[in-house]
There are 2 protein chains.
Amino acid sequence: MNYIMNKLAPVCEVQIIDRVKVKKTKAKLPHSDETSQIAGIFKLLGDPTRLKIILALIENELCVCDLAAVINSTVSAVSHQLRLLKSEKLIKFRKDGKMAYYSIDDNHIKNLIDQLREHLNE
Amino acid sequence: MNYIMNKLAPVCEVQIIDRVKVKKTKAKLPHSDETSQIAGIFKLLGDPTRLKIILALIENELCVCDLAAVINSTVSAVSHQLRLLKSEKLIKFRKDGKMAYYSIDDNHIKNLIDQLREHLNE
DNA sequence: TGTATATTTGAACAATCATTCAAATGAATT
DNA sequence: AATTCATTTGAATGATTGTTCAAATATACA
């Protein structure tokens, strides 16, 4: 078997060295939908703007324009990212007149970030 | 002050509602370089291919082609992502003849992923 | 009702990025 | 020395994405 044969089935049929180890490892992985879910949360935290928004909201409930001021961004850019964070239930908001006050909806996120920060500060 | 004035300085001069709160919140944020560092790690974990690689390596030390087989990807795609994970010291590798065996270099990562998984499975 | 303002939204744009393919490298085997 | 094979690498491609700008909502206030 060589790479020319593999061209017919580009993904799932590469050379395998240790079939037993591959099978055992594969069996221990989370299912594909759980993996996507985990990656999805990490991805949200992986953008500096979104991370700053979350770090700010961990400290205080804030309206959109104050949030923009805190993280040195624009109202529009912040609003777009708030939508993503809201849709994944990481944050929530309440309306008060014209204002929208955003806050953390998911308390586990703070622990997650704290854990990583502790690690990086070792 | 209105939006037309802000066009001259598009970022740092938006309307601020509560200056005290903004200043206090700003003071509590991590410095910009620490924020980038945190986001950088989360970003690496935020891609399904890279996350699967890490999940697989948590279970077993694996060579590149077995890793590709485990996560149903190609050797080349995996190799490219391994480079990124290696450069951020999340994984390491040892050479054995033609083979390269990769493994986890950062034990905190497992805890981080476990913590998120526990949270999602509530 | 008309104006001001806080927020949201959609389209456009540029930048980033993951994957693919082909070629190169490096090490074992014959 | 030539061949095979595991891995790496670079360029190209297509897709995703964060930001910007302008316009639309929506609420308060005069």
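This is a predicted model: local features need pLDDT of at least 70, side-chain atom pairs count only at pLDDT 80 or more; totals for chains, interfaces and linings use all residues.
Residues are numbered from 1 along each chain as its sequence is written, chains are lettered from A in the order in which they are written, and side-chain values use heavy atoms, with hydrogens and water left out.

Axes are lines fitted to C-alpha atoms, for helices over the stretch in contact, and angles run from 0 to 180 degrees between N-to-C directions. Helices (H or I, at least four residues) and strands (E, at least two) are DSSP runs, numbered from the N terminus.

The crossing is right-handed, the near helix being turned clockwise from the far one by less than a right angle. On the α3(A) side, A:E34, A:Q37, A:I38, A:I41 and A:F42 take part, and they meet B:L112, B:I113, B:L116, B:R117 and B:L120 of α7(B). Contact means heavy atoms within 4.5 Å. The contact of α3(A) with α7(B) has 7 nonpolar, 1 polar and 2 charged residues. Ala, Val, Leu, Ile, Met, Phe, Trp, Tyr, Cys and Pro count as nonpolar, Asp, Glu, Lys and Arg as charged, and the others, Gly among them, as polar.

## The two α3 helices

The axes of α3(A) and α3(B), the latter also residues 32-45, come within 7 Å and cross at roughly 155°. That makes α3(A) roughly antiparallel to α3(B), the term for angles over 145 degrees. Their crossing is left-handed.

A:A39, A:F42, A:K43 and A:L45 meet B:A39, B:F42, B:K43 and B:L45.

## Packing within chain B

In chain B, α4(B) (residues 48-59) packs on α6(B) at an angle of about 75°, with the axes 10 Å apart. The two helices are therefore roughly perpendicular. B:T49, B:R50, B:I53 and B:I54 of α4(B) contact B:V78, B:Q81, B:L82, B:L84 and B:L85 of α6(B).

## The largest pocket

The lining of the largest pocket has 3 residues from β3(B), which gives the most. At least two residues each come from α5 (64-70), α6 (75-87), β2 (91-96) and β3 (99-104) of chain B. The lining residues divide into 10 nonpolar, 1 polar and 3 charged.

Terms used: Angles under 35 degrees count as roughly parallel, over 145 as roughly antiparallel, 65 to 115 as roughly perpendicular and the rest as oblique.
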